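This briefing covers a few local features of one chain. Please look over the sequence and the model before reading on.

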Amino acid sequence: MPESGPIIPTHRLPLTARGEEFCALLKQRIVFLDGATGTMLQRHKLSEADVRGARFKDHPIDLKNNNDLLVLTRPELVLEVHRQYYAAGADFVETNTFNANVISQADYKLEPYVREMNLSAAKLARQAADETERATPGRRCFVAGALGPLNRTLSLSRDVNDPGKREVTFDQVRDAYYEQVVALVEGGVDLLLPETIFDTLNVKACLYAIDLFFERTGRRLPVMISGTITDASGRTLSGQTTEAFWNSVAHARPVAVGFNCALGAALMRPYIEELSRLADCCVSCYPNAGLPDPLSETGFPEGPEDTAGFLEEFARAGLVNIVGGCCGTTPAHIRAIRARLEKYPPRKPAPTPTGLRLSGLEPLTHDGPNAPFLVVGERTNVTGSPQFKKLIKAGDFDAGLAVARQQVENGANILDVNFDEALLDGEASMTRFLNLVASEPDIARVPLILDSSKWSVIEAGLKCAQGKCVVNSISLKEGEEKFLHQAREIRRY
């Protein structure tokens with residue numbers, strides 16, 4: 001990726017005109033998102049030949065399950081889905097780009113078509129929005145550029161024999177999202193929506209790409225972030241609790257944060273309640289139509305009034321600003337949701353928090369005059385622990401993990417990690433160790449201090465930490481410009 005340009009405080013860049021309108025609407029009332037695109041497309045029971053079309057009839061890989069390709073081969077179907085959701089009362093729809101990135105499309109050998117997919121998807125949604133506005137003078141219809149979670153993860157290994165192995169790097173994920181963002185914005189989206197987040201490190205790479213795009217173009221769109229609580233444990237797939245997730249992404253200053261997918265509304269409520277208590281921005285909720293049910297028509301059990309009834313309870317309690325539907329929901333669901341919820345006022349954002357908000361898999365809040373000292377585990381520092389240095393120099397990272405575990409078990413609130421030793425490859429050691437830490441929930445639950453006198457080592461650590469860290473440290477010894485550049489990059493990570 002080319003070097004970033006002069007320092008620009010991206011959060012102070014002006015919003016686009018339609019971005020301003022969207023944010024203004026959020027202050028006035030509850031805003032309604034569309035439902036599931038995939039559920040609607042599946043109703044057509046498309047064959048392999050239908051999905052391929054003439055253009056990809058000789059493609060060597062099966063394409064039947066690649067819904068993102070339909071924006072090129074069956075655009076009329078995607079356009080009609082958007083039209084139906086606007087007709088049902090949605091204020092904004094998502095582009096059909098959940099997997100439209102080079103990492104996910106590599107499974108289909110369609111990487112060269114990713115830019116075209118995103119551009120076409122954005123234009124189709126924009127067309128439906130513009131048509132609806134013309135047909136209903138005074139109405140505003142918005143388009144969200146959907147950025148899915150990827151089919152690869154930065155925080156977890158698929159190799160049971162090597163928990164430190166990763167199939168993609170932070171830079172690859174960042175670059176994949178950057179390409180997608182450029183095309184979506186060019187195609188006419190009004191806001192950006194990283195969604196269905198199961199690994200917070202993936203979305204941190206996405207948010208990095210978005211912020212870099214804002215800086216380079218000098219324009220800003222609203223950003224809405226939606227994670228996924230995978231089961232009754234109340235955690236994301238990569239292990240974070242609701243508050244830890246919020247602490248990890250709050251630096252992006254999103255217009256809204258929330259949850260979607262995985263659970264129905266009834267099971268999602270405690271996590272939406274927690275976000276509502278914490279977030280100083282809007283809160284969104286677009287659940288599945290209950291838990292999967294293969295016997296039902298849509299694959300999910302809840303009808304429109306069921307889902308609308310649950311979400312009405314959320315609105316009555318003042319928990320939400322944006323509502324819609326995910327898997328199994330249809331235009332009928334969105335119509336029922338809007339009819340039941342539009343009479344309620346929007347949630348009021350929580351006060352902007354003060355104090356220190358960090359996270360590993362779990363949050364660390366340090367605030368107020370009575371906050372105790374934090375206990376820093378410093379034995380995972382080669383400059384301060386001869387034992388740890390000996391283990392790392394010998395390549396015994398498993399034994400190094402045992403040192404980290406002992407620190408946490410003995411009460412460390414935060415782990416200081418340092419590999420500044422002349423005979424060590426600091427960047428490789430930091431990357432390997434933090435990837436292994438991520439595989440150990442009893443260690444990864446606490447935040448990290450990334451400790452080095454070398455910027456490249458600190459940056460390597462930032463690319464491996466899904467939580468919110470402390471950096472120790474950067475210096476003015478190389479001049480103010482370098483210092484400000486590094487400070488900006490830390491914030492961006």
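**Backbone geometry**

S473 sits in the loop between β14 (470-472) and α19 (480-492); helices (H or I, at least four residues) and strands (E, at least two) are DSSP runs numbered from the N terminus. The model is predicted: local features need pLDDT of at least 70, side-chain atom pairs count only at pLDDT 80 or more, and totals for chains, interfaces and linings use all residues. Residues are numbered from 1 along each chain as its sequence is written, and side-chain values use heavy atoms, with hydrogens and water left out.

- The peptide bond joining N472 and S473 is cis, with omega of about 5°.
- Most peptide bonds are trans, and most residues other than glycine have a negative phi.
- K109, in the loop between α6 (102-105) and α7 (114-135), has a positive phi near 55°.
- T196, in the loop between β4 (191-194) and α9, has a positive phi of about 55°.
- T196 is buried, with a relative accessible area of 10% (buried means under 20%, exposed over 50%, partly exposed in between; 1.4 Å probe, protein chains only).

**Surroundings of H59**

- H59 lies in the loop between α3 (48-52) and α4 (70-73) and is buried, at 15% relative accessible area.
- The H59 side chain reaches the backbone oxygen of Y108 at 2.6 Å.
- Apart from neighbours within four places in sequence, H59 is in contact with R52, Y108, K109 and L110 (contact means heavy atoms within 4.5 Å).

**Helices α9 and α10**

- In α9, T200, V203, K204 and L207 meet F245, S248 and V249 of α10.

Methods:
A polar contact is a pair of N or O atoms within 3.5 Å; within protein, one must be able to donate a hydrogen and the other to accept it, and residues adjacent in sequence count only if both atoms are side-chain atoms.
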